[in-house]
Amino acid sequence: MKDDDQLHAMRHSLAHILASAVKRIHPETKFGVGPVVENGFYYDIDLGDKKISEDDFPAIEAEMAKIIAENQTFEKFSLPIDQALGWAQENSQPY
């Protein structure tokens, strides 16, 4: 892989790890998009009335480190739109 491809893949994986960490800490979390961007990655996160602040970063980072240490396998897959919508509804993910 080219360096740019490796960096993109790493950032993409880290976006998913971030989402998993936030979901572990706040199980009610709903997610929007979480793309890779030029200088990193981000995730649109809906916690309802709660807000994430810089004070939350150490706990999120610690949870991300735990997830990385689990050495989980990442597998890309696709679903037909009706199955994807069903999954989203079953998992309270309206976005």
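**Figure 1. The largest nonpolar core of the predicted model.** This core has 11 residues. Its members are Ala15, Ile17, Leu18, Ala19, Ala21, Val22, Phe31, Tyr43, Ile60, Met64 and Ile67. Helix 1 (3-25) and helix 2 (57-69) each contribute at least two of the core residues. Helix 1 provides the largest share, with 6 residues. In soluble globular proteins, nonpolar side chains tend to be buried together.

Figure 2. When neighbours within four places in sequence are left aside, Leu18 is in contact with Phe41, Tyr43, Ile60 and Met64.

**Figure 3. The aromatic pair of Phe31 and Tyr43.** The structure contains 1 aromatic pair. In this pair, Phe31 and Tyr43 are arranged edge-to-face, with 5.3 Å from centre to centre and 70 degrees between the planes. Distant parts of the chain are linked by the pair, whose residues stand 12 residues apart. Phe31 lies in strand 1 (residues 30-31), while Tyr43 lies in the loop between strand 3 (40-41) and strand 4 (45-46).

**Figure 4. Helix 3 (residues 81-90) and the residue Ser92.** Helix 3 has 10 residues, of which the number buried is 1, so this helix lies largely in the open. Just after helix 3, Ser92 adopts a positive phi of about 55 degrees.

Conventions. Residues are numbered from 1 along each chain as its sequence is written. This is a predicted model: local features need pLDDT of at least 70, side-chain atom pairs count only at pLDDT 80 or more; totals for chains, interfaces and linings use all residues. Side-chain values use heavy atoms; hydrogens and water are left out. Buried means under 20% relative accessible area, exposed over 50%, partly exposed in between (1.4 Å probe, protein chains only). Helices (H or I, at least four residues) and strands (E, at least two) are DSSP runs, numbered from the N terminus. Rings of Phe, Tyr and Trp (its six-membered ring) pair if their centres lie within 6.5 Å; planes under 30 degrees apart count as stacked, over 60 as edge-to-face and the rest as tilted. A nonpolar core is a set of buried Ala, Val, Leu, Ile, Met, Phe, Trp, Tyr and Cys residues joined through side-chain atoms within 4.5 Å. Contact means heavy atoms within 4.5 Å.
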